[in-house]
Structures are given as C-alpha cells and as structure tokens.
Amino acid sequence: MLDNKKPLKLWYKNSSIRKGLQENDIWERYTLPIGNGDMGANIYGEPEKEIITFNEKTLWTGGPSKKREYYNGGNLLEKGKNGETLKKIQKYFLDGRDDEASKLCDELVGADESAGYGSYQAFGTIYINYNNLGLNIKEYYRYLDLNQAIAGVHFLDEDSIYNREYFLSNIDDVLVAKLSIEGQKKLDLDISFISKQGAIPRIEDNKIVLSGELEDNGLKYAAILKILNVDGELIHTTDRIRVKDAKEVYLYISAKTDYKNEYPKYRTGDLNKDLLNKLENIIKKASEKSYEEIKNAHIVDYKNIFNSLEFNLSKKASSLPTDELLYLYNDNKLPDDERRYLEELLFAYGRYLAISSSRENSLLPSNLQGVWNNVNNPAWACDYHLNVNLQMNYWHIYSTNLVNLSKPLIDYVESLRKPGRISAKIYMGIESKESEENGFIAHTQNNPFGWTCPGWNFDWGWSPAAIPWILQNCYEYYEYTKDDIYLREKIYPMLREEANFFSNILIKDFEGKYVTAPTFSPEHGPRTLGNTYEQSLIWQLFKMAIEAGKILGEDTKIIEIWENKKNNLKGPIEIGNDAQIKEWYIENSLNDDLGEGFNHRHISHLLGVYPGNLITEDKKEWFEAAKVSINARTSNTTGWGMGQRILTYARLFEGNKAYELIQNLFKNGIYENLWDTHPPFQIDGNFAYTAGVSELLAQSHTGFINILPALPKAWEEGEIKGLLARGNFSLEIKWRESKLNYLKILSNVGDELYLKLNNIKNFKILSKDKNIEYKINSDNIISFDTNKNTEYEIIVEDENE
Ligand code: FUC
C-alpha cells in the first residue's frame, strides 16, 4: 500500500450559502460530498446552522406498485407488435421507401414517465443549529480530505474554537459526525432530521427516527439518527433534540429501503420494522466503538482502495483555497506548478467520487449524480443513461486501479436480462425460453426497475446498441484482471446471449452486408438503415464474445456464426468525401445537412476510437479520418462531452489537443466544489477526466502497453504509480523533460508482456537484478515472458537531450 503523502484536499474560506443563488445552485456548486456507495451526504459547513443533505441510493419512485399493477418496464405491445413494426420499417428501407420507414419509427417507442419511470429521490436533511454562537466568526475553513475521505469545518468565535468532522463509513454503514468545542463555552445545539418524503420525525431517547413509504410505489424507507454526547444534557422537543452543555457530540446516521434489484418485484419483503431493526443493529454496533476506532477503520478501508494509485505532476500542494485555485487557473494567472496541482486534484477527485458512490457491496451503480441528489425531480430523473453516461461513469475504474468498484455495474447489467428479454420479444420479435436465452435489450435510459423499453420518443429513446456498449465495461473487468472464473460465470453468459441476439436481428442491406435497422446515432441525425454507432458497437460485441468464447474453450460452432457475421458487417467504418468517418452511411461530406454537426455533443461515430479498439493506429486511413471527424466537432460542449473528447484525443495520440480540452473542461465544466457540470451537475465528466488522464499516460487496448502515448507538452515532468493495464500489469511511470525516465511493471498474473516505449532507443530490462532478454516485434513493440507477482524495471539509458 502506498502512502500518498501530498495533501489532496478541497478547502474553502467560506461556507456554502451565497446570497442571490437558488438553493439547488448552492448545493451543486459549493457543498462537499461524502459517500459510502449507497449513502451520500453533502456538507454545507454553515457556522450557525449546519446543513447536511442526505441520500440513500435506492430511494426511487417508479416501478411496480399497488397503484400500477400493469407495470411492465414501459413496454408497449401495441407499438412493438412482437417485432412486426420493426420488420415493416426494415422492409420499407430495403424497398427504398425511406420516408415511410422513417415515419413508422415513431411507433418504436415505449410508455412515457407516467407508466412508472420514476426518479431518484432526496432522502432528507439534517440541521444542526448552534444556539449560543458568538457574533464574530473568525478563521473559518471547511475541507474535504481526499486522502482520508473525511470532511470538516473549523472556526472560532469570541471565546471558543469549533470543529466538525464527517465521514461515511462503508464498513460500519453509517455517517458519523463529530461536533466539538474548545474554550470557555459549551455546545448548545438543536438537531433535527427532516424527511424529504413526508415522514414525521419521531423523537425517541437520543434518536430521531424517520420511517415511511413512498406514496408513488410503496417503497419502504427508514433512517435513524442517534446522538451520543459525552457530557451535557439532552432535551426533547416535538421535532428536534437539543443538546446542552456538551463539549463533544457525536451523530450516527444510517438508512435503508426495502428495494432489491430482482425482477419482477424489486423488493426485499422487509417491513418498516425490519428496516428499523437492521438500522438499530448497525447503529448499536457503530456506537459501541470509540470514535477513533470507527474513524480509523473507515480510513484504513478507504485507503486500501484509494492508495492503489499515486499521481504526481506538481512538486507541492497549492496553499490556495480550491475555489480561488480554480478561478486563477481559468484566468491563466497560476504558476505552472499550481496548475499541475489542480489537475492532479481533479484526477484524484474522480477516484474519490467513484469510491464514494460505487463500492463492491453497493446495491446499485452510480447514477447521473453518483449517489448525491437534493431534489425530488432531478434532471433526467438522475437515472441510468446508457447512451454514454453510465458507461462513462465506469471508464476510469479499471485503468486507475479500482477494479472491484465496477461490481454493482456488472450486477446491474445482469439484472436487465430478464426484463430486457421482454422488450426484445415485443420490439424485436426475439423470444427467449427458460432454457434458451435469446437476447435482452435496453435502450437510452433506465431506472432500477427494469425499464428496458425504448424511450417515449424515438429520436432520443431508441438505442438497442446500449447493451453491447455497456457490455464493454463488463468485459474490461476480465481484460484487466484476467479472472477467468468471473468471465465464465458472470460475463461470458451475457456476451453470449447478446452476440446471439444481434446475430439474429441483423439483416442484409442492398449490398448483402449485415446491418441493424432502424438506427439512430445518439440524439443526432436521421433515421437510417445501419449507422456507424451501432455497427461499431456490434463489431465490438462480436469481438468480445468470440475472444471470450475461445479463451473459455466454449461454443466453437456458434463462434463460427459470430465470426461470419462480424466479417460481413457493413462498414463498420466508411470514409467520406472530406476524409472523415461517416456517422451515417448515407453521409457524403462533413457536417452536411444530416445532423446538427459541429455543435453536437455526442461523438458516437468515434466509439471505435474510445472506448473501443476498432479504429487504431495500424488502420491508418481510419485513424486519420477519426482526427478529421473529432476536429469537426466543437470543443466547447457539455461537461461529459469534453470528457469524452479528452479520451478520444488521447487515443489519437493528440496529447496537446486533449490538454486544450482539459482546460476547456476546467473553464466551462467544473464547479467550485470540483463537481462536473452538464449543466446541471452530472458526475460522468468527473470520471471521464480521470479516465482521460490515465489514457494520456498509458494505453493497453491494442494488445500491448503503450507508455506515454500522448503526453501533453504542459506535463513535462511527473510520475504515476499504480496505473493498471490490460493483462493485469501495474505500472509505475516516471518522466522528465517529456520523456520516459523510468518504468516499473508488476506482473500480477504472469502473462506475456508486450510493450511500446515511445522515443526510447537504449534501455535494459531488469528483474531481481537480472537482465531480461526480450524480442523486438514490428513497430518497436518488445515482448517477454513474465512471472506472476514479479517486478520488471525498464532502465532508460538514452542521453537526455
Ligand atoms: C444524454 C445526453 C444528455 C444528458 C443525458 C443525461 O441524453 O445526450 O446530454 O447527459 O444523457
């Protein structure tokens, strides 16, 4: 375990509330998030009236409910007609009746929100009023320490020093707050916990209890806030607890619902009293430990994951508050070293936010806002968008060494199989039987209750390639870990089912090539017979399934079918008159009148560059065409859009262009609390940035590890320890004067290693002080066998120019 020595801290000299801003603007721009995977909280840090918004990730409206016995994931039989509508559209296209085909696409929709789509709900807010605070607040600061996952507030009044410390422990499943005072005064606090769902707080002894069910779907929820004070007295009022004359007060908060991601009921069967019993036990156990014990256990647990990687671009941490640092960065008024520090901090933040919103034991993956949400009608329902956003939430997980955080995502995708087969039958005419899994489907957006139908408007809602795309995030688990048991048991069955499905739904176009139809490039362009987005993802799906099947030695016959389909796909990539990658096969020149063109945020025709590996350096024409295409899309777009462009430029070895996008992201896509904004706040851009940095420093998607493939000029010197490459190799890379200086590779499973060292002529490889012989393959890629759990050092002997 590395010990990250440089402080990685967000900190501020002001509390969150700003006059003239709406409540939600304050929340998303200034408050500081903590989380343990399924619970989240935002700390305002107000001296006189502390505010903590509180979340539990499964608190969703929508889905099955007594009121909605008809709930079936939004599928509409009268629209899909068991595949009839689809077949008609396909026939129209093939008969050249494009207008009729396009018109009929309006039928390929699911039910609207009113059929139980639901949305992620806010749980409640904790208020802590400081009754006897002096008028003169001094030396205020608040912080979020990424090295320890602890937030805090500090200030003085005339005669006392106030401190608050907060963390959300995964192992003890509680939010813990320590409120303390030093000096003459003692704490006099009013503590309340207000439900955002209408539950009336019950005050029992030293507890505030919220318990109820959502009106929309009867989902049961409960939370307990327990107050432990070492000294002082507790006074009850009807809706709050007053703590007087205490020097230290501790709060323990935990929450649960009866949600379970299991089709078709999506409930555990717990009653409110069962939830409360569980919470009582959790809080009892937690409060039996001393504060130091529970805090240390949290820090150790967190560091175990966070410290798997250390990244240094700057020599030292900036002493500026984070908001000032951001403003000066954007005004170009920061010395280089402090610019590097902020870039490093945002990278670390992406890992912190992932650990806080998606742990191995989380019930659901991180949503559009991770786990944090302050309102009951969040943008896009704060859901699971599968036409880029959910994929993006997990793009940095493997390369930045957080592999197990993807488990809730993989479980979620698996949970879409059963409901997704119903959508496959209704809209595509493909039926599964108990013994025959013939394919599941999902589209652009999803809730936690198997909403696998297309959206209620074809142009944003139809996206059958969503599942192949998210399966890339699942297969990467295997590529990075080489865990073939998990591949066999969990990932391959999904790949197999889906490859069979696409194999069945492909049709032959005019040239006898396989396409899907109708297709719609995410939120962009006309309705067509095949497009680059869908064909690239299908190509990638077959590639994964074939590779996995061969590794496992299964399905030889079926693999032949997949291979045949893959080899006879239309495109997937075609080059247009401007040497661009066509987004639609009917496209001629760039940004002709087929779509919004330059200003569009999606770059779905470039998924073969990232996250896929269809468009790589060895396919020169496509690779160059991808550059033409990306340059023909604006660099100033939504937060996630800029994130995706950083990654795409990194894969095209355009480090300096990627760095330009990084600067745009800071300027137009990052709030004072370093959350990414669409706007509004959307966490995917945070994760894409972190993934982007890792791709600038190492790539491994083409069968070898490419070291420093796209180092931006601005990052002349730096080191990163703990990046992970496919094949399960951990990397430690140091560079000076923009050139590799030292490389150490830890082989975790003992595979053969293929390596590319850019611009390095003379080097030797040592392991346990012995010289390692290596082969030189084409394109200066070297290779050698490795042993499990063994380190290999690459000693660079080039003269520094
Ligand atoms: C997709 C994007 C939007 C937004 C939404 C949540 O539809 O096109 O920009 O991010 O997801």
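These legends walk you through several close-up views of one predicted model.

Since the model is predicted, local features need pLDDT of at least 70, side-chain atom pairs count only at pLDDT 80 or more, and totals for chains, interfaces and linings use all residues. Residues are numbered from 1 along each chain as its sequence is written, and side-chain values use heavy atoms, with hydrogens and water left out.

**View 1. Here is an open sheet built from seven strands.**
The order is S2-S3-S4-S5-S10-S15-S14, with antiparallel pairing. Helices (H or I, at least four residues) and strands (E, at least two) are DSSP runs, numbered from the N terminus, and two strands pair if DSSP finds at least two bridges between them. Strand S2 (32–35) and strand S14 (233–236) sit at the edges with a single partner strand each, so one side of each has no neighbour in the sheet. On average, neighbouring strands here are turned by 20° against each other, direction ignored; axes are lines fitted to C-alpha atoms, for helices over the stretch in contact, and angles run from 0 to 180 degrees between N-to-C directions. Helix H8 (residues 336–357) lies across S2 and strand S3 (39–43), at about 45° to S2.

**View 2. Helix H3 (residues 84–94) has these buried residues: Thr85, Leu86, Ile89, Gln90, Tyr92 and Phe93.**
Seen down the axis of H3, they fall within an arc of 160°, so they line one face of the helix. The arc is that of the directions from the helix axis to the C-beta atoms. Glu84 and Lys91, on the other side of H3, are exposed. Buried means under 20% relative accessible area, exposed means over 50%, and partly exposed is in between (1.4 Å probe, protein chains only). The packing partners of the buried residues of H3 include helix H4 (98–104), helix H14 (484–505) and strand S23 (524–528); contact means heavy atoms within 4.5 Å. After H3 comes Gly96, with a positive phi near 80°.

A polar side-chain atom of Glu523 is 2.5 Å from an oxygen atom of the ligand. For Trp640, an N or O atom in the side chain is 3.0 Å from an oxygen atom of the ligand. Gln682 also has a side-chain N or O atom 3.0 Å from an oxygen atom of the ligand.

**View 3. Strand S7 (residues 150–156) has seven of its seven residues buried, so it is largely enclosed by the rest of the structure.**
In a regular strand the side chains alternate between the two faces of the sheet. Both faces of S7 are covered, with Ile150, Gly152, His154 and Leu156 on one side and Ala151, Val153 and Phe155 on the other. S6 and S7 run antiparallel and are joined by six bridges, with Tyr143 opposite Gly152. Their hairpin has four residues between the strands, and Ala149 in the turn shows a positive phi of about 60°. Six bridges also link S7 to strand S8 (residues 160–169), again antiparallel, and His154 has Asn163 of S8 as its bridge partner.

Leaving aside neighbours within four places in sequence, Arg340 is in contact with Leu313, Ser314, Tyr659, Ala714 and Trp715. The side chain of Arg240 makes a polar contact with that of Asp239 (3.5 Å). A polar contact is a pair of N or O atoms within 3.5 Å; within protein, one must be able to donate a hydrogen and the other to accept it, and residues adjacent in sequence count only if both atoms are side-chain atoms.
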